[in-house]
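Subject: Structure handover

Hello,

Please find the structure below, followed by notes on what was found in it.

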Amino acid sequence: MSASVDSQFAHKAFGAALGGVTHPILSDFHPKGSVAQAYGIYNEDVGIARRAVFIIDKDGIVRYQQVYTKGLPDVDELLAEVDKL
C-alpha cells in the first residue's frame, strides 16, 4: 500500500497517467497529512509529505524506514528487507 496527502481524485488521475496502479493508495487528505505527521514525514511549510518507505510487520512494528530526498527507492533493497520479516 502507499499513501499520499493528495485527494482520492488526484490518486485516480495519477494512477491513470501511469497506466494503472495495482495497489491501494491511502488518501491522507483530511485532516491533511495526519498519517504523514504520525510518521514524522509531513512538511508543514509546503503541505506535503516527504517521500519515504516504511516496512511494518504484522504486529504493527516499523521494521524498516527510509526517507528519500530525491530519486526512487531501490526495489531489491526493499524486497531484501521484506524477506527479513
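Helices (H or I, at least four residues) and strands (E, at least two) are DSSP runs, numbered from the N terminus. The structure is a predicted model, in which local features need pLDDT of at least 70 and side-chain atom pairs count only at pLDDT 80 or more, while totals for chains, interfaces and linings use all residues. Residues are numbered from 1 along each chain as its sequence is written, and side-chain values use heavy atoms, with hydrogens and water left out.

Overall layout

The protein has 3 helices and 6 strands, and from the N terminus on they run β-α-β-α-β-β-β-β-α. Its C-alpha atoms fill a box of roughly 35 × 30 × 25 Å along the principal axes. Of the 85 residues, 21% count as buried; buried means under 20% relative accessible area, exposed over 50%, and partly exposed in between (1.4 Å probe, protein chains only).

Loops and prolines

Pro-31 lies in the loop between E2 and helix H2 (34–38). The peptide bond that joins His-30 to Pro-31 is cis, with omega about -5°. For background, most peptide bonds are trans.

Pro-24 sits in the loop between helix H1 (8–17) and strand E2 (25–27). Pro-24 counts as exposed because its relative accessible area is 52%. Leaving out residues up to four places away in sequence, Pro-24 touches Met-1 and Ser-2, where contact means heavy atoms within 4.5 Å. The C-alpha atoms of Pro-24 and Met-1 are 5.2 Å apart, although the two are 23 residues apart along the chain.

Ser-7 is in the loop between E1 and H1. Its relative accessibility is 18%, so Ser-7 counts as buried. With residues up to four places away in sequence again left out, Ser-7 touches Ser-27 and Phe-29.

Salt bridges

A salt bridge here is a side-chain nitrogen of Lys or Arg within 4 Å of a carboxyl oxygen of Asp or Glu. By this rule there are 2 salt bridges. One of them joins Asp-57 and Arg-63, with the closest N and O atoms 2.7 Å apart. Asp-57 is buried at 14% relative accessible area, whereas Arg-63 is partly exposed at 48%. Lys-84 and Glu-81 also form a salt bridge, at 3.0 Å from N to O. Here Lys-84 is exposed at 62% and Glu-81 is buried at 17%.

Pocket

A pocket is found on a 1 Å grid over the protein atoms alone, as an open set of points where a 1.4 Å probe fits, with protein on both sides within 12 Å along at least five of seven lines; lining residues have an atom within 4 Å of a point. The largest pocket holds about 1300 Å³ of space, a volume being the space filled by probe spheres set on the points, which are joined across faces, edges and corners. Its lining has 32 residues, and Met-1, Ser-2, Ala-3, Ser-4 and Ala-52 lie nearest the centre. Elements that give two or more residues to this lining are strand E1 (2–4), H1, E2, H2, strand E4 (48–49), strand E5 (51–56) and helix H3 (75–83). The largest share of the lining, 6 residues, comes from E5.

Regards
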